[in-house]
Amino acid sequence: MPVTLRSRGDGTPGKAAQSPSSKSTPSKAKPEATTSDAVDAAAEPGHLLNPKTTEFEFGGPLGAMAVVVCLPALVFVLAASCDSSYCIPFKFELPRTMLERVPRLFASAFELDAMAVILAWMALQVVLAIALPGPWVQGAKLRTGETLGYKINGHLSFWVSMLLMGHAWPKFNSSGSVVGFGPVPMAYAYDHFIQLAVATALLSYSLSLYLYFRSFKKGALLAEGGNSGNPIYDFFIGRELNPRIGWFDLKSFCELRPGLIGWSMLNIGMMMKQHQLHGIVSGPMIAVNVFQFLYVWDALYFEKAILTTMDITTDGFGFMLAFGDLGWVPFTYCLQARFLVDHDPNLPTWALFVIVILKVVGYATFRGANLQKDLFRSDPTSEAVSHICTMPTKRGTKLMISGWWGMARKINYTGDWLMSLSWCLTTGFVSPIPYFYCTYFGVLLVHRASRDEHMCRTKYGDDWDTFKKHVPYVFFPYLI
């Protein structure tokens with residue numbers, strides 16, 4: 001998830017269908033559909049199409065209610081915790097200033113202009129997703145036996161968005177006539193950051209209500225985890241698996257387009273504001289913009305890969321993903337750039353060099369592991385994975401036990417977290433606020449790894465214990 005309340009990419013160490021004569025060697029058979037055992041079972045005769053959810057996550061209905069209420073509030077508090085006039089320091093102190101600031105900032109938190117900006121941005125991304133060309137690919141097999149088609153043009157939408165933001169703002173002369181076009185005044189994102197975040201939260205609540213009520217339409221395929229019958233929990237976790245308007249898939253659209261591309265736009269706005277205020281763009285600001293630009297570009301360039309992630313194949317589309325995609329990602333992941341506008345640490349060149357190396361190591365690990373997994377799933381006969389040793393399972397599939405996935409069972413999570421740490425380090429050690437992301441992300445990845453562990457143990461049984469003997473480490477080889 002992208003990275004949302006989930007992480008980007010799932011943690012299963014690859015699987016491919018096993019031929020009857022195969023041994024523990026690189027797989028030679030066709031890849032298996034990337035659905036869970038529970039989904040496969042539900043497609044068998046005698047099973048309900050939409051089985052009742054019997055297990056809760058996130059603390060059940062009470063936990064879901066807490067997340068629905070507190071997560072948008074946390075985005076607001078993080079935004080209020082650090083700006084040009086105040087920033088919570090590392091040294092603990094009674095947050096008296098914060099207690100005074102929050103009511104004042106909350107009083108001006110809603111602006112119609114900011115809501116209009118958010119709605120216009122959403123509309124632009126919808127138009128680009130529909131109008132721009134792109135290949136059609138099939139997603140994972142559903143428990144109905146069907147597959148859905150997805151138009152893959154997120155990468156093109158990303159670059160067209162960048163082009164429009166740089167050249168589509170009209171310039172007027174004194175008589176009101178358009179005399180040319182130039183860059184959108186994106187420093188607005190800094191000046192109205194809280195208002196934009198609040199507008200996005202309201203949009204997320206509205207979208208989630210629409211998704212919840214439309215999920216009761218006849219014939220809707222529900223997520224196995226979102227059909228509990230408890231309205232609070234199902235509203236949060238998401239009832240309908242793949243809500244669509246015609247061919248337009250709402251979940252996959254929100255997963256990568258408005259929030260992820262919007263995150264890059266917010267970063268650029270922070271960079272423009274720093275230049276506007278100080279006449280320069282600092283090394284740390286350039287670094288964090290480049291790092292996160294690469295992260296967003298990578299997600300959209302490899303857009304097809306999200307079709308095998310848990311967000312798409314397993315989770316329903318409810319508040320968890322809607323707010324995670326549209327609000328949480330852009331407005332918490334850009335905290336480093338926002339911090340650097342007014343609190344640049346003036347890092348020495350050697351420190352920036354070390355941070356760049358950390359970013360490169362993290363990216364190489366993350367992308368290398370995910371590419372290897374995706375290639376093994378889609379074409380296990382490819383020369384690129386011919387050296388990979390595999391372990392057969394009783395399900396007739398194989399698990400990779402060498403290469404990236406022989407180092408650690410969640411090695412892609414490790415690379416993802418190292419990248420997050422490199423972003424935070426660009427801010428120095430003035431305040432804990434820019435470090436919220438890597439701290440939260442670490443907790444999220446541990447939770448996600450635990451969730452994956454439970455699913456894989458259920459899926460593979462004793463074979464999972466055997467696999468763990470081959471690959472004993474979770475995140476860091478020889479450490480954890």
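**Notebook: helix packing in a predicted model**

I first noted that helix H4 passes helix H5 in a right-handed crossing. The model I am reading is a predicted one.

I then looked up which residues make this contact. From H4, I listed Trp121, Leu124, Gln125, Leu128 and Ala129. H5 contributes Ser157, Val160, Ser161, Leu164 and Met165. Sorted by class, the contact of H4 with H5 has seven nonpolar, three polar and no charged residues.

For the geometry, I took H4 as residues 112-131 and H5 as residues 154-167. Their axes come within 10 Å and cross at roughly 130°. I therefore recorded H4 as oblique to H5.

Next I turned to H2, residues 60-80, and H12, residues 319-333. The axes of these two helices come within 11 Å, and they cross at roughly 10°.

On the H2 side, I found Val67, Val68, Leu71, Pro72, Leu74, Val75 and Leu78 in the contact. On the H12 side, I found Phe319, Phe323, Trp328, Phe331 and Thr332.

Last, I checked the length of helix H17, residues 436-460. Its 25 residues, at 1.5 Å a residue, should span 36 Å. The C-alpha atoms at its ends are 35 Å apart, which agrees with that expectation. I also looked at what follows H17: the residue is Gly461, and its phi is positive, near 60°.

Definitions and conventions:
Residues numbered from 1 in each chain as written. Predicted model: local features only at pLDDT ≥ 70, side-chain atom pairs only at ≥ 80, totals over all residues. Heavy atoms only, no water. Axes fitted to C-alpha atoms, helices over the stretch in contact; angles between N-to-C directions. Helix = DSSP H or I, 4+ residues; strand = E, 2+ residues; numbered from the N terminus. Parallel < 35°, antiparallel > 145°, perpendicular 65-115°, else oblique. Left-handed = near helix turned anticlockwise from the far one by under 90°. Contact = heavy atoms within 4.5 Å. Nonpolar A, V, L, I, M, F, W, Y, C, P; charged D, E, K, R; others polar. Expected span 1.5 Å × (residues − 1).
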